[in-house]
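Please open the model in your viewer and keep the selection panel at hand. The stops below say what to select next and what is found there.

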Amino acid sequence: MTATSAFFERLTAGGPDPRFNKVRGSVRFDIRDGDRVEQWLLTIDHGDLRVRRAADPAGTVIRVSAQVADGMARGEVNGLAAITRGEILVDGDLALALRVGRLFPSASDPGGPPTTKNTS
Amino acid sequence: MRDVPGTVSCLDGNTFIVSDASGDVESSSSAPVGLFAADTRFLSRWVLTINGERLTALSVDDSKYYEVTFFVVPGGAVDYVQADVSAIRRRRIGPDLTESLTIFNYGDKDLDLDVRLEVAADFADIFEIKFDLHDKVGCHYTEIEPTELRLGYRRGTFRREVSVTASEPATFGPQGLRFALRLRPGEQWSTRLHVVMRALRPDDVDLRLALRAQRPSDSTLPESVREWVAQAPELDTDSVPLQQVYERSLVDLAALRFAPLSLGGATVPAAGLPWFMTLFGRDSLLTCLQTLAVTPSLTPPTLRILASLQGARRDDVLEEDPGRILHELRYGESAAFEEQPHSPYYGTVDASPLFVVLLDEYERWSGDTALVVELEQEARAALEWIDRYADLTGTGYIWYERRNRATGLENQCWKDSWDSISYADGRLPGFPRATCETQGYAYDAKIRGARLARTVWGDPDYADRLEREAAALYDRFNRDFWLDDRGYYALALDGDGTPVDSLSSNIGHLLWSGIVPPERAPRVVEHLMGPALFSGWGVRTLAERQGRYNPLGYHNGTVWPFDNSFIAWGLRRYGFSAEAGRIAEGIFSAATYFQGRLPEAFGGYDRHTTRYPVRYPTAGSPQAWSSGASMLLIRTMLGISPHEDHLAVDPALPSAFGRIALLDIPGRWGRVDAFARQRPDTQRSG
C-alpha cells in the first residue's frame with residue numbers, strides 16, 4: 001500500500017473531526033502516476049469526513065503527482081509552498097483546500113507540546 | 001504635485017512599482033526598485049529614451065496612491081532645458097500595470113523621434129533583494145512576438161512571466177520595444193503600454209487570475225477608493241495638519257488592502273511598503289485594533305484568514321504549533337522552494353493572544369456575535385496555545401526560543417530585530433525569553449476570552465477558568481517583572497528567569513492591557529513621559545542611557561507611531577489624559593514633516609535639539625499600523641469606547657487642538673458623532 005492510500009484509509013477510519021464542524025464541501029484528489037490516475041473523493045459535512053475512491057464531480061479538485069501525494073502523506077510536503085511552485089494544482093475553493101491540508105501530518109513534528117525546561 | 005523626490009511609489013495592495021523621479025526603473029542589486037507582485041520583481045528595468053537620451057522629471061504628481069504622472073523632458077538635469085520635446089508618463093497600478101506615454105513637439109520643426117523603452121525582468125524574490133543574493137537556480141526565457149514581448153523565469157514547475165504590449169505599432173526585441181515617429185510642430189503622439197504579470201502553473205493557468213477578477217479594474221479603482229472614504233466617518237477639525245493626516249491615513253489604508261489568494265476576494269491590510277507587502281499576523285491584528293472606529297470592515301476578513309491558516313500541528317521549520325496564529329505569509333520563489341519558511345511562518349508569540357483581543361474588541365464595537373460563534377474554535381485554540389505551547393519553562397509565561405535555527409526569528413515579539421532585547425548594560429540575554437508586553441496581551445486575551453465564553457459561547461465554566469488564570473498571571477507578573485527600585489517593569493525575563501532590566505516603551509503596552517495595578521501606574525507613566533523615553537515627538541523604543549540606545553536604532557531608540565498609539569490608549573485607560581494628549585500632539589506634529597504620512601519609525605532625537613523628526617533611513621512608508629496610529633490617537637483624544645449598546649465619549653484634547661469631531665462612527669449603535677472642544681477658559685480638555 002502506498003503512503004497516500006494508507007493516509008486516506010486512516011482518514012476513513014478516523015471518524016468525525018471537530019475542526020471541520022462548520023465546513024461543508026467536497027474535495028477530489030486526482031493523483032497521477034504515469035498514465036494512471038487514482039481518484040479519491042473527500043466529502044465533509046459538518047465535521048463528518050468520508051473518503052472513497054470515486055471520480056464524482058467535486059467542488060474543489062486537487063491535482064498532484066503520485067510522488068508529491070506520497071510526500072504529503074508522509075508529511076514531507078508543505079502544501080502552500082507546493083501550490084505556489086506549481087506542484088499542487090487546486091481548482092475550486094483554495095481556502096477549503098488549505099483547510100484540508102491541515103489533515104496531513106508534518107514530518108518535522110517533534111510530537112506533542114514542548115517539554116518544559118526548568119529555569120530555577 | 002511636488003518637486004523631484006528620490007523615488008516614487010505607486011501601489012495597490014501587494015502590487016507596487018518603485019521608480020526614480022523620471023519614472024524609470026533601473027534596479028540595483030539591493031534596492032527594492034522595480035515592479036513587484038506576490039513578492040516577486042516582474043520588471044527590473046523600465047527605461048525610456050528619446051533619440052538615445054534619458055529623460056529628466058520636471059515634476060511628479062503622486063497624489064493618488066495607484067496613479068503617478070511624470071512630466072519629463074529629454075536631457076540631464078542641467079540649468080537650462082531645451083524643451084522642444086516633452087513627455088507625460090501616466091502610470092496606473094492595479095493587479096497589473098498600465099502606462100500611457102504622450103510625447104509633444106512644441107518646437108517649430110518636424111521631428112523624427114526614436115522612442116525606446118528598455119525592458120528587463122530579473123524575477124528576483126524580495127528576499128534576494130533584501131539579502132543581496134544573485135544566483136538564481138532556474139532559467140530565464142524571452143519570447144518575442146510581433147505585438148508582444150514576454151519575459152519569463154522557470155524553475156521546475158515554478159513559472160513567472162511578464163508580458164508587455166502597446167496600443168501603437170512598435171518593434172519588439174529582446175531588450176524592449178521601440179517606436180519610430182515623426183511629429184510636426186504642435187503635434188503630439190500617445191501610446192498605452194500594458195504590463196501583465198502572471199504566476200503560471202504547468203497547465204498555463206495563472207494563479208493571479210482569480211485576483212484579477214476580484215480586484216477593481218483600472219476603470220473602477222478610483223470609484224472604489226471614493227466609496228472606501230465615503231464609508232468612513234468624517235473628521236471635522238480646526239487643525240489642518242490633523243485633517244491632512246486623517247485623510248492620508250484613510251487613503252493609505254485603502255492602498256494597502258490586498259486580497260490574499262485564499263480568501264475569495266475579501267481584503268486584508270498588507271503591512272507596509274516595500275519590504276512587508278504581505279500578510280503579517282501581528283501587523284494586521286494591531287492595525288484592525290487601531291481602526292475599529294473608522295474602518296471596521298478590515299477586521300472580519302483579517303480574523304477569518306488568520307483563522308483559516310491557524311497552526312494545526314507541530315513543525316520546527318515553520319515553527320508551527322496547534323492554535324498558533326501566523327507571523328508572515330509569502331508567495332515568492334524563496335517561500336515556494338522553502339528556502340525561507342514563509343508558507344506560512346509562525347514565529348511570533350503575540351499574534352495568538354492578539355487574535356482573541358481583536359475578536360472581543362470587534363464584538364464590543366459591532367455586536368457581531370455571529371463572527372464570535374464562527375471563530376469560537378480558533379479563539380479557544382489560540383488561548384490554549386498560550387498555556388500549552390508557549391510556556392517553555394513551565395513558569396506560566398509566554399516564552400520564545402526559535403526552533404528554526406537557520407532562518408527563524410531570534411526575537412518573536414514586535415521588536416523582532418536580533419538585538420532588540422538587551423539588559424540596561426547592553427548585554428544580550430539568553431534564551432528562552434519572555435517579553436513583558438506579551439504577558440500583558442496574554443492577560444488581556446484571557447479576560448476578553450472569558451467575556452466571550454460567558455456572553456456568547458455559553459460556557460461559564462470556561463469563563464471562570466480563564467479569569468482564574470488571568471488573576472494568577474496578574475499576580476505572578478507583578479511579582480516577577482516589577483523592578484521596585486527602578487519603578488518600572490523589566491523588558492523581559494531571560495532564560496534563567498532573571499529580569500532584563502532595560503527601560504523600554506514596552507511598559508506602555510502593559511497599561512493598554514490592564515495588567516498594571518493602579519497604584520503602580522503613576523511610576524510607570526513618570527518613566528514613559530520622562531526625558532529618557534519621551535523625545536518630545538513620542539516615546540522611544542529604548543530609553544536614553546541604556547547600553548544599546550541609538551536614536552537611529554531600529555528597535556533601540558527610534559520612535560514608532562504605532563507603539564505610541566497603543567501607549568496613549570493605555571494612558572487613557574489609567575486616567576492619564578494629559579499624557580495621552582502629549583503623545584497625540586507629538587505624533588501628529590511629526591506627521592506634518594512627512595506630508596501627513598506617518599512612516600514606520602523615525603529618529604529618537606530630542607525634539608528641542610533637532611526641531612524636526614529625523615527620517616529613519618529604511619523606514620517603510622506607507623505602513624499599515626502607522627496609518628492606523630493616527631486613527632487610534634484620534635480615538636484616544638475623543639475618549640470613545642463602546643459601552644454596551646452605545647458609544648461612550650469622554651474627550652480630552654491637548655491644547656494644540658481647538659476642536660475635533662468624528663461624525664458617523666459606525667457600530668452596534670448605528671452611526672453616531674463624537675465631539676471634543678477646547679474649553680477657552682482652562683485650555684484643558686473639553
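Select chain B and colour it by burial: of its 686 residues, 55% count as buried, a residue being buried if 20 or more other C-beta atoms lie within 10 Å of its own, exposed if 12 or fewer, and partly exposed in between, with C-beta atoms placed from the backbone. This is a predicted model, in which local features need pLDDT of at least 70 and side-chain atom pairs count only at pLDDT 80 or more, while totals for chains, interfaces and linings use all residues. Residues are numbered from 1 along each chain as its sequence is written, and chains are lettered from A and ligands numbered from 1 in the order in which they are written.

With chain B still selected, its C-alpha atoms fill a box of roughly 85 × 65 × 50 Å along the principal axes. The radius of gyration of chain B, taken over C-alpha atoms, is 26 Å, which agrees with the value near 26 Å that a compact globule of 686 residues would have under the rule of 2.2 Å times the number of residues to the power 0.38. Chain B holds 18 helices and 31 strands; helices (H or I, at least four residues) and strands (E, at least two) are DSSP runs numbered from the N terminus. Two residues are in contact if their C-beta atoms, placed from the backbone, lie within 7 Å, and among contacts in chain B between residues at least 6 apart in sequence, 63% join residues at least 24 apart.

Next, select Phe355(B), Leu358(B) and Leu359(B), which have the most contacts inside the largest nonpolar core, a set of 242 residues. Such a core consists of buried Ala, Val, Leu, Ile, Met, Phe, Trp, Tyr and Cys residues joined through C-beta atoms within 7 Å. Leaving aside neighbours within four places in sequence, Leu358(B) is in contact with Leu285(B), Cys288(B), Leu289(B), Thr299(B) and Leu303(B).

Move on to residues 139-145 of chain B, which are strand β12, joined by 7 bridges to the antiparallel strand β13 at residues 148-155; two strands pair if DSSP finds at least two bridges between them. The two strands form a hairpin with 2 residues between them, and Cys139(B) stands opposite Arg154(B) in β13(B). Extending the selection to residues 158-166 of chain B brings in β14, which runs antiparallel to β13(B) and is joined to it by 7 bridges. Here Leu149(B) stands opposite Val164(B), and in the hairpin of β13(B) and β14(B), Gly156(B) takes a positive phi near 60°.

Now show the open sheet of 3 strands in the order β18-β30-β31 of chain B, with antiparallel pairing. Its edge strands are β18 (234-237) and β31 (670-677) of chain B, each of which pairs on one side only, and the twist averages 15° from one strand to the next. Strand β18(B) pairs over 4 bridges with β30, residues 659-667 of chain B, where the bridge partner of Glu234(B) is Leu663(B).

For a loop position, select Ala532(B), between α14 (521-529) and α15 (561-573) of chain B. Is Ala532(B) buried or partly exposed? Ala532(B) is partly exposed, because 15 other C-beta atoms lie within 10 Å. Neighbours within four places aside, its contacts are Leu503(B), Ala543(B), Glu544(B) and Arg545(B).

Finally, turn to chain A, where 27 residues are in contact with 37 residues of chain B. On the side of chain A that touches chain B, α3 (79-84) and α4 (94-101) each supply at least two residues, and α4(A) gives the most, with 4 residues. That side divides into 10 nonpolar, 9 polar and 8 charged residues, where Ala, Val, Leu, Ile, Met, Phe, Trp, Tyr, Cys and Pro count as nonpolar, Asp, Glu, Lys and Arg as charged, and the others, Gly among them, as polar. Then select α2, residues 66-73 of chain A, in which Val68(A), Ala69(A), Asp70(A), Gly71(A) and Met72(A) are buried. The buried residues of α2(A) pack against α1 (3-13), β1 (24-33), β4 (60-65) and α3 of chain A, and just after the helix Gly75(A) takes a positive phi of about 80°.

How values were computed
Axes are lines fitted to C-alpha atoms, for helices over the stretch in contact, and angles run from 0 to 180 degrees between N-to-C directions.
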